[in-house]
Structure formats: C-alpha cells, structure tokens
Amino acid sequence: MASVQKRVRNGRVTYRVRYRDPAGRQRSQVFTRRADAQRFLSETENAKLKGTWTDPALGRVRFGEWLAEWWATTTNLRPSTAARDEDYFRLYIGPRFAGMPLAGISQRDVRAWVAELSARGLAPATVQKAYQLLGKVMGAAVDAGMLAQSPCRRVPLPKVERQEMRFLTPTQVAELADAIHARYRALVLVGAYGGLRIGELAGLRRRRVDLLHGMVEVAEILTEVRGELFVGPPKTRAGRRRVGLPQEVTRELARHLGTPGGPDELVFTAPYGGPLRVNGFRARVWRPATRAVGLDGLRIHDLRHTAVALWIAAGANLKEVSTRAGHASVSFTLDRYGHLFPEADEALRTRLDAFYVAGGQTSGGTVVELPR
C-alpha cells in the first residue's frame with residue numbers, strides 16, 4: 001500500500017513516500033514537508049488511475065539527449081527538410097533547451113522562449129516553425145512515457161503576414177522569355193503557363209514530356225541541399241500529376257528539345273550541361289534577365305503564381321486549378337488564391353447571360369428596377 005512515513009535522523013525530520021508504479025515496482029521519494037509528500041502521493045495515485053503516470057527518472061533525461069535519440073529514429077524526411085530542421089535545432093532550439101531536463105521545461109519556459117525569438121527580430125514564420133519542431137520533440141517524449149504532458153500548449157505565436165503574391169501579365173511573360181538566355185526560354189513559358197515549381201522543372205525528364213498531346217508529367221523533383229543534389233518524388237500524391245500546356249508553349253518546348261535524346265535526359269540543364277543548380281541559375285541567369293525587363297525582385301516561384309492566375313482568368317474552376325497545381329486539397333487553393341475568383345465569377349455570369357439571350361428568353365412581366 002502507498003504510504004507517507006515520518007523519519008527523524010540527527011534531529012532532521014523528513015517524510016518518505018512509498019508507492020508502487022503501474023508495473024508493480026516499489027518506489028519511494030523523500031520530502032521535507034508532510035504537505036508536499038501527501039500532495040505527491042495523491043497526484044501519483046491519481047496519475048496511475050488515469051494512466052498518465054510517468055517514471056520521474058525519465059523526466060530527468062536532458063532535452064539534448066532525448067533530441068539525439070528522437071532524431072536517430074525519425075525517418076522519411078526529405079533531404080531538404082532534414083537539413084532545414086537540423087538548422088532550426090542548432091540555431092534556435094538547442095541553445096535554449098539542450099541542457100534542461102525534459103520535466104524541467106515548463107509552458108512558461110516555452111512561452112518566454114517564443115517571445116525571445118520574436119524580440120531577436122526573427123520572422124514570424126521562423127518562430128512558428130521552431131515552435132512546431134519543439135512541439136514534435138516534446139510530443140514524442142509524451143508518447144514515449146517520459147512526460148505526462150507537453151509544455152508546448154496554448155503558447156501565443158506571432159502572426160504570419162502572408163507575402164503578397166506577384167503575377168505577370170502575358171505580355172510580361174513574353175518579355176521575360178525574350179530577355180532570358182535562349183537556353184531557358186522554354187523554362188519560363190512552361191513555368192508561367194504550366195505552373196511547375198522550379199524543382200519540378202529542374203527534375204523534368206524527356207520521357208515525361210508528351211509533345212503530341214501537349215502534356216508534361218510531374219514525377220520527380222530535383223533539389224540541392226548544402227551543395228549536394230537529390231532526386232525524389234513530389235512531396236504529396238497530388239504533386240504527381242499531368243499538366244496540359246497551350247499549343248504555342250508546346251511548340252516552344254519542342255524547339256527547345258531539338259534533336260531526340262535519351263528518355264532519362266533532363267529537359268532543362270545547367271549552362272554547360274548537367275543538372276540545373278537552382279542557386280547558380282538564380283544568380284547568373286534569372287536575376288540579370290528580370291532586371292533587364294524591369295521585373296527586379298521577381299522570384300522564380302512567381303511564375304507558378306502567374307500560371308494559377310492565368311488559369312483562373314481563362315475560366316478554370318477551383319478543382320481544376322487545384323489539380324493542375326498539385327495542391328493537396330481544394331481548400332488550400334481557395335485559401336491561397338480565392339481572392340482571384342471574383343473576376344472569374346463575373347465572367348461566368350456574363351456567359352450565363354449570353355446563354356439566356358441565346359435561348360430566346362424575353363421579359364414577360366412588369367419591369368423591376370434592380371437596387372443600385
């Protein structure tokens with residue numbers, strides 16, 4: 001039976017709590033006050049009944065030690081994601097928590113840490129990501145029975161102001177395609193009308209291009225992490241997709257491919273051959289071209305935003321846009337690009353009016369003035 005025993009040694013009074021853990025092992029802990037001992041005993045028995053009891057010894061494991069163990073068992077991370085997370089742990093999380101025992105990290109500590117990161121001038125998105133990673137590690141400690149609950153709960157986070165998207169007009173797309181090195185003219189057009197990300201463009205192989213039907217299949221992406229190139233599948237199942245291109249863009253792509261090549265050859269390569277390294281391409285090719293046509297500051301990813309805007313302007317609905325863009329859900333598309341659809345709705349209503357007139361419908365009653 002659990003009990004609190006008073007002990008007197010050399011004139012010093014202590015109170016020893018004796019109890020059995022859920023596995024039946026005898027355990028004890030000593031306190032200097034009876035009230036603390038009784039409270040510990042009550043909390044321990046309640047935790048055992050609720051199934052939330054954790055071994056106090058596990059809570060004394062330092063965060064840095066648990067992080068190393070957790071990281072060693074974390075699988076299926078993309079190389080770019082793993083590199084990014086390692087940087088977050090090294091720069092933001094480890095310096096604050098590595099030497100602390102898991103049970104010693106309180107919600108107040110996490111709250112103060114978040115405020116400290118914000119005060120240092122870190123971007124709100126960076127603070128949120130660091131907090132999410134800390135939450136993953138602490139949540140895993142809870143799952144492993146090392147903590148009763150995570151300290152990452154109800155912590156106010158800085159608001160992320162979404163960066164304003166930039167869209168090009170068809171004229172601007174044409175000007176950029178003319179200004180960039182001829183080797184990458186087709187890349188600009190496929191990006192601006194097909195909506196492929198730069199990693200998808202860099203990883204596109206000849207066998208994924210169907211010139212007869214004007215289709216490209218997105219099945220591999222090429223990324224560069226700390227100077228090393230990696231080829232892998234898209235992040236999500238929706239990311240693997242077939243995208244139709246306008247006829248003129250298909251003709252440009254056919255001219256770019258020129259003579260037949262091997263099916264596994266990359267469609268877009270570095271200036272002297274080999275895989276396209278995005279950082280070098282951005283510095284040596286992209287930025288000079290954008291500056292030349294007055295689009296300084298334009299990101300490569302803005303070609304993808306441009307494609308979505310053009311699809312919507314052409315009358316594509318939410319589902320069509322989501323599928324072509326490879327978004328995981330229609331709700332994401334609506335959240336990201338929903339503000340572009342009012343113009344599409346107006347165009348739709350105009351077409352419906354045309355159907356009405358074509359049907360020979362006439363007003364058959366009293367004319368009613370519409371509210372202004």
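Reply: Here is a tour of some aromatic rings, with the terms explained along the way. This is a predicted model, in which local features need pLDDT of at least 70 and side-chain atom pairs count only at pLDDT 80 or more, while totals for chains, interfaces and linings use all residues. Residues are numbered from 1 along each chain as its sequence is written, and side-chain values use heavy atoms, with hydrogens and water left out.

The structure contains 9 aromatic pairs. Rings of Phe, Tyr and Trp (its six-membered ring) pair if their centres lie within 6.5 Å; planes under 30 degrees apart count as stacked, over 60 as edge-to-face and the rest as tilted. Helices here are DSSP runs (H or I, at least four residues), numbered from the N terminus.

How open are these two rings' residues? Buried means under 20% relative accessible area, exposed over 50%, and partly exposed in between (1.4 Å probe, protein chains only). W71 counts as partly exposed because its relative accessibility is 25%, whereas F89, at 7%, counts as buried.

Another pair is formed by Y88 and Y92: their ring centres are 5.4 Å apart and their planes are at 70 degrees, so this pair is edge-to-face. Both residues lie in helix α4, 4 residues apart, about one turn of the helix. Y88 and Y92 are both buried.

Methods. Helices (H or I, at least four residues) and strands (E, at least two) are DSSP runs, numbered from the N terminus.
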